[in-house]
Amino acid sequence: MLAPVSWLKDYVDINVSPEVLAKKLVAIGFEVEEIIYQSKKVSKVVVGKITQVAKHPNADRLRVISVDIGSKVLQVVTNVPVEGGETVAVALDGAVLADGTKIVKGALRGVESEGMLCGLEELGITVDDVTGQKSGDIVRFPEGQKLGVNALEALGYNDVILDVGVTANRPDCNSIYKLAKEVAVALKTDCREPEINYVSTGASVKEMVSVEVLNPELCPRYMAGGVRNVRIFPSSQRIKSRLRAVGIRPINNIVDITNYVLTEIGQPMHAFDRRNLKGGKICVRTARDGEEIVTLDGKKNALKSSMLAICDAEKPVAVAGVMGGENSGIADDTTEIVFESAKFARDSIRRTSRALNLRSDSSARYEKGIDFASQEYGLKRALTLIYESGSGEIAADLLDVKVDYEKDRKILFTTAQIEKILGCKVPRGTLKSILSRLGIPVEDNGKTLVACVPDARDDIVGVNDIAEEFIRVYGYSHVTPTLFEFSALTKGGKPAKMMFRDNVKEKLAAFGLHECVTYSFTSPKFADRLRIPADSPLRQTVNLLNPLGEALSVMRTVLCHSMLEVLAYNAAHFNKSARLFETAKVYLPKELPLTELPEEREKLVIGMYGDDVDFFEIKGVLEGLFDTLHINAEYAKSLLAFLHPGRAADVTVNGINVGFVGEVHPDVAAEYDADCRMYVAEIDLETLFGQYAEGGSFKAFSKYPPVERDLAVVVDASVPAGDMVKAVREAKIKFLDSAEVFDVYCGAQIGEGKKSVAMKFAFSSTERTLTDEEIAAEMKKILAALKKRVGAKIRV
Amino acid sequence: MKEKIESIKSVALLAIEQATTSSGLNDVRVRFLGKSGEITSLMKLLGTVSKEERPAMGKALNDVRVQIESALDAKTAVVEESEKQARLAAEAVDVTLPGKTSAKGSLHPLTLVREDILRVFLGMGFSVAEGPEIESDLYNFQLLNVPKDHPARDMQDTFYVNDNFVLRTHTSPMQARIMTTTQPPIRVVIPGRVYRSDDDASHSPIFHQIEGLAVDKHITVGDLEGCLQTFAEQMFSSDTRIRLRPSYFPFTEPSVEVDVTCAICHGKGCRVCKGTGWVEILGAGIVNPAVLEMCGIDSKEYSGFAFGLGLERIAMIKYGIPNIKLFYENDVRFLEQFN
């Protein structure tokens with residue numbers, strides 16, 4: 001809401017600076033987003049008097065003039081045909097004009113110029129903003145104007161405008177008058193009422209038009225007034241400049257009056273040309289399907305039966321509360337007008353405006369909500385302005401079709417209740433006086449109080465609202481901070497699953513990975529990119545109705561797509577390597593379209609690239625993680641199509657698939673515009689959470705020396721090393737602490753299709769030093785197991 | 001023989017004196033005192049000396065052996081010390097060369113800030129909960145006192161899935177989810193992702209909030225202020241102050257915006273706080289009794305406070321991060337700064 005201070009001053013005396021006023025408004029709940037000084041629209045443009053005019057030595061069309069700006073006399077080169085003696089606006093060296101142009105002194109055709117003469121356009125204003133100026137000319141001041149002062153100030157363009165953020169509970173304050181009332185409360189002073197003063201002449205408005213409301217639930221009140229012998233002319237300078245100050249373009253006296261009243265009183269108004277109201281009738285009804293109307297913006301709208309229309313005897317002449325029809329608007333030859341001042345249901349206006357994609361200042365105002373008192377006040381204010389400006393003769397009487405409504409609402413309360421909410425002492429007298437200054441009279445019944453809340457404040461429905469009205473004026477500084485003074489102790493704490501996730505994240509960071517956070521929505525193309533099979537449930541996505549773009553339109557069912565994008569982004573931004581992870585949710589609908597909440601499942605994704613990164617590094621991170629979580633994972637060759645066919649593994653824990661790890665297929669990497677090998681792993685954290693074991697229990701270790709033995713065997717090249725370790729583990733070898741593969745070798749000596757695998761075994765006993773014979777016996781068993789399970793032969 | 005002994009002695013002592021390395025000294029030791037060394041050889045010849053001369057010869061020989069040995073030991077100690085010094089000197093390294101480190105990973109700044117905040121509230125007896133991000137209109141709006149077509153819906157630009165489901169626009173729906181399933185006393189904080197269809201220089205369509213909710217028999221604005229004051233002191237610094245400004249949210253009444261004294265200038269006024277000395281960090285209020293009732297809690301018996309704060313904003317203040325987009329680009333050069 002733009003509120004010119006000069007306009008507020010019509011109703012309230014303001015004797016403080018705009019900055020102080022802004023602070024006081026903020027303190028009672030009206031955020032001032034900006035203080036706009038009209039005179040600061042340009043800088044270093046001042047009033048000067050032309051004292052001398054000479055011809056330019058090198059150019060016929062230029063003049064060299066002397067401009068007295070009080071403190072000194074400047075030499076200016078100009079093409080304006082001045083004669084000398086004029087008082088003008090001159091931009092000095094370093095001036096910044098309204099369009100951002102900076103003025104710098106310099107030579108013009110060989111003669112030094114220290115400034116530039118300005119017209120209204122350079123100052124960013126029009127003839128509607130100020131008096132006594134012409135468009136297309138330089139600014140000319142009357143004789144005697146003080147020299148050297150800010151030219152905009154001298155033009156009288158020096159208002160200060162507050163941009164006030166009005167919260168949704170206070171729609172009434174989207175008006176100068178109601179805001180002035182709040183200013184009066186903030187400044188502890190009184191507020192005057194906008195003047196209502198007109199004389200009607202001639203026959204009743206009933207002779208001009210009749211009003212019928214068929215849908216009172218959508219239009220609880222409809223008032224109309226009439227004006228005869230209308231004259232259309234431009235509004236007064238005062239009205240034009242005020243409208244311009246709040247961002248409304250002046251049009252003519254009648255249209256300007258409706259906009260003026262909307263701004264000042266907050267009541268949307270509409271003016272119909274009476275000759276276009278067929279049958280002399282206004283009928284407020286829902287449209288018939290198929291009815292159409294061309295609105296004032298030239299747009300053709302197909303109306304629906306859910307939309308409220310203002311109709312004459314035959315057809316719609318306005319979309320109620322949204323925009324008038326071209327067929328009934330004010331023209332230069334309009335002689336009789338009917339003013340509409342109505343209350344429409346806000347949700348109806350909101351739906352209609354959105355359905356037709358038609359917005360106006362009126363619809364914006366109606367959507368926020370209008371109280372019952374405004375219609376009459378607004379209409380009478382409009383007629384006052386007609387009367388004052390001599391725009392026509394006002395018909396006697398007003399038409400008023402309305403439902404019954406309560407003028408005020410009674411709220412019973414006690415100071416103790418208010419104190420219990422606020423936690424501070426509430427002085428009874430102060431409470432009553434604050435409420436009454438806010439326009440809420442209070443009856444004191446000794447023990448209890450009764451607030452009489454006017455209809456305009458439909459945001460006040462209970463004791464909490466009364467408490468807020470009091471404290472926002474009294475000041476939160478009266479509240480003393482306490483820490484649950486009257487409350488029970490609670491034990492607090494984090495759920496186990498969250499602690500598990502924290503643990504995973506801390507471990508991965510300790511392994512040298514950086515945590516990322518990516519968007520939850522992505523492009524629908526992710527499924528094709530990741531070669532997800534056509535029948536996979538991962539292609540069933542929750543889609544947004546109003547996404548910011550296709551690339552952000554579906555809720556992801558996997559994390560690795562986002563990770564690959566992040567890797568590619570980093571690779572393209574001078575980062576030689578990256579080791580990253582993210583824990584986040586995927587969104588898996590139970591059915592589509594959505595009728596119940598989808599499953600939101602927590603996943604972990606790890607991604608890496610870089611010259612020193614390989615499959616075993618990313619797998620090592622997974623192994624390290626599982627190790628710290630006391631989880632035994634198994635890895636088997638994966639068939640996932642978006643991964644490298646020879647460098648990808650499915651990961652299982654206790655027989656349950658928990659995800660995959662692998663190198664991204666080069667074709668897929670290319671689609672992500674990555675010219676590097678990318679490695680990715682995605683793990684289901686929810687499954688992992690079900691499988692992990694907290695900590696571990698102590699196991700005694702031996703005080704006797706451990707014994708290590710190596711064994712090299714030859715197997716088929718296709719035998720996975722993991723199977724060999726597994727074979728040994730499952731062979732019930734006595735004293736065995738560990739079994740691992742430490743070298744794999746292929747070569748001519750080994751033979752085609754074969755490989756040599758070197759394994760290391762460690763044995764120990766907690767009771768004694770093991771003998772060579774005991775170890776030899778176990779090694780024999782190991783070899784036997786390897787022979788049996790993977791066809792191993794001892795390497796000779 | 002006597003001359004022989006004297007001659008060996010002077011040769012040996014000279015050799016010891018001239019030796020400069022421990023291996024040279026060892027050679028001397030072997031030459032004179034070794035199994036077939038010159039002294040040892042003479043010892044073996046003692047048998048050939050006459051009975052009368054033998055004791056004197058023996059003693060003389062032994063004296064010389066002792067002298068050679070002690071000279072050897074003394075010289076060895078000197079040589080070994082100087083050799084050790086030489087070795088240490090040779091082993092010197094440039095201590096300004098970099099050390100061997102393992103790679104340092106990092107948690108995202110939003111995680112760090114989130115955990116900092118949770119820690120403060122855990123200390124005040126709050127538990128932590130999380131909730132669905134795809135949320136029903138009922139919980140996201142209606143139970144929070146925002147009916148369909150209410151103007152307050154314009155306060156938040158909502159992503160819709162269909163008429164009944166949205167991407168939650170705030171963490172507040174979890175207030176309703178908790179209040180409809182839990183009896184007071186309730187004290188809970190709810191971190192999570194939220195969504196608004198707003199994407200410009202200072203907005204991200206996805207951001208993070210932490211919601212707080214306390215419901216009990218007698219909760220006041222004073223408790224809200226005390227709780228948030230404690231939070232501000234622990235999160236920023238012990239001299240941080242807060243102030244409450246009246247505001248509006250449909251689900252709280254009274255509602256406030258909460259400012260903290262600027263962490264950069266400590267309230268003096270700077271670029272971050274736009275010269276005001278205060279930075280807005282969260283919205284809060286007393287739970288609207290209408291919300292309590294809709295959630296099945298008797299508003300005559302119970303009251304509560306709620307607050308919601310934006311993690312990105314706190315992280316930007318805390319770390320001096322200039323642009324919200326940096327959180328979601330995931331450039332390694334950004335992430336690695338938070339280890």
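How many helices and strands does the secondary structure of chain A come to? Colour chain A by secondary structure: the count is 21 helices and 40 strands. Keep in mind throughout that this is a predicted model.

**Whole chain**

Along the principal axes, its C-alpha atoms fill a box of roughly 125 × 85 × 60 Å. The radius of gyration of chain A is 41 Å, whereas a compact globule of 796 residues would have one near 28 Å.

Next, colour by burial. Of the 796 residues in chain A, 41% are buried. Then turn to the contacts: taking those in chain A between residues at least 6 apart in sequence, 70% join residues at least 24 apart.

**A helix pair**

Now select residues 346-356 of chain A, which form helix α8, and residues 361-368 of chain A, which form helix α9. Two packed helices are described by the angle between their axes and the distance between the axes. For α8 and α9 of chain A, the angle is about 140° and the axes are 7 Å apart. Angles over 145 degrees would count as roughly antiparallel, so at this angle α8(A) is oblique to α9(A). The crossing of α8(A) past α9(A) is left-handed.

Show side chains at the contact. On α8(A), pick A:Arg346, A:Ile349, A:Arg350 and A:Ser353. Facing them in the contact, α9(A) supplies A:Ser363, A:Tyr366, A:Glu367 and A:Lys368.

Finally, colour these residues by class. Which classes do the residues of the contact of α8(A) with α9(A) divide into? There are 4 charged, 2 polar and 2 nonpolar residues.

Conventions. Residues numbered from 1 in each chain as written. Chains lettered and ligands numbered in written order. Predicted model: local features only at pLDDT ≥ 70, side-chain atom pairs only at ≥ 80, totals over all residues. Helix = DSSP H or I, 4+ residues; strand = E, 2+ residues; numbered from the N terminus. Rg over C-alpha atoms; globule rule 2.2 N^0.38 Å. Buried ≥ 20, exposed ≤ 12 C-beta atoms within 10 Å, placed from the backbone. Contact = placed C-beta atoms within 7 Å. Axes fitted to C-alpha atoms, helices over the stretch in contact; angles between N-to-C directions. Parallel < 35°, antiparallel > 145°, perpendicular 65-115°, else oblique. Left-handed = near helix turned anticlockwise from the far one by under 90°. Nonpolar A, V, L, I, M, F, W, Y, C, P; charged D, E, K, R; others polar.
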